[in-house]
Amino acid sequence: MTACHDIRPLLPARADELTLPEVRIRAEHVATCTRCAAEAAAYTRLGQALSAMAALEVDPADGTLERILVAIGRRRTAVTGPRVLAAAGASGALVATVVVARAVRHRRQARRPVRRIPGLGRVRLPSLPVPTPALARAK
């Protein structure tokens, strides 16, 4: 017997969208579970209604396009205010700073040597400056 939470993702799918074992499992579960049967029936009715509506063509009411364009124009003017643009720029700069800082941190951590110490496992050693020979410093 399959549990409802395992079957629930299969309920909205049409039979042609499922594999044969999924169709069989769903059918067996829906036959014994009234809750999932009701939900499957609701999805079936919704699919049928959407199929019927796909063939409908309705002309929009007069002036609909103009009202939509006016509404879009109002939204655009509200977004171009100096305070909104300053906040958007500041938040964009903050996001960019965080992304760059994480990339630099990840790159630095990737360069550190990883050593295995018996009993402790993997240990990442801190980055220390490499000592240079005295002759190299003299040049």
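## A charged pair and its surroundings

A: Let's start with Arg8 and Glu39, whose side chains form a salt bridge with N and O 3.4 Å apart. This pair ties together distant parts of the chain: Arg8 sits in the loop between helix H1 (4–7) and H2, Glu39 sits in helix H3, and 31 residues separate them. Helices here are DSSP runs of H or I with at least four residues, strands are runs of E with at least two, and numbering starts at the N terminus. A salt bridge means that a side-chain nitrogen of Lys or Arg is within 4 Å of a carboxyl oxygen of Asp or Glu. Side chains of opposite charge can pair when their charged atoms come close.

Before going further, please keep in mind that this is a predicted model, in which local features need pLDDT of at least 70 and side-chain atom pairs count only at pLDDT 80 or more, while totals for chains, interfaces and linings use all residues. Residues are numbered from 1 along each chain as its sequence is written, and side-chain values use heavy atoms, leaving out hydrogens and water.

How open is the pair? Arg8 counts as partly exposed because its relative accessible area is 30%, and Glu39 is partly exposed because its value is 22%. The cut-offs are under 20% for buried and over 50% for exposed, with partly exposed in between, using a 1.4 Å probe and protein chains only.

By the rule above, there are four salt bridges. Another one joins Arg24 to Glu28, with the closest N and O atoms 3.3 Å apart. Arg24 and Glu28 are both in helix H2, four residues apart, or about one turn of the helix. Arg24 is partly exposed because its relative accessibility is 45%, and Glu28 is partly exposed because its own is 46%. Arg14 and Asp16 also meet through their side chains, at 3.3 Å from N to O. Asp16 is exposed, since its relative accessible area is 61%. Arg14 and Asp16 belong to a network of salt bridges that also takes in Glu17.

Now to the nonpolar side. The largest nonpolar core consists of eight residues: Ile7, Leu10, Leu11, Ala13, Leu18, Cys33, Cys36 and Ala40. Such a core is a set of buried Ala, Val, Leu, Ile, Met, Phe, Trp, Tyr and Cys residues joined through side-chain atoms within 4.5 Å. Leaving aside residues up to four places away in sequence, Ala13 touches Leu18 and Arg26, where contact means heavy atoms within 4.5 Å.

His29 belongs to helix H2 and is buried because its relative accessible area is 4%. His5, by contrast, is found in helix H1 and is exposed because its relative accessibility is 60%.

The mean pLDDT of the protein chain is 77, and 71% of its residues reach 70 or more; pLDDT is the predictor's confidence in each residue, from 0 to 100. Where pLDDT is low, the predicted coordinates should not be read in detail.

Finally, here is the chain around this part. The protein chain has six helices and two strands, in the order α-α-α-α-α-β-β-α. Of its 139 residues, 7% count as buried.
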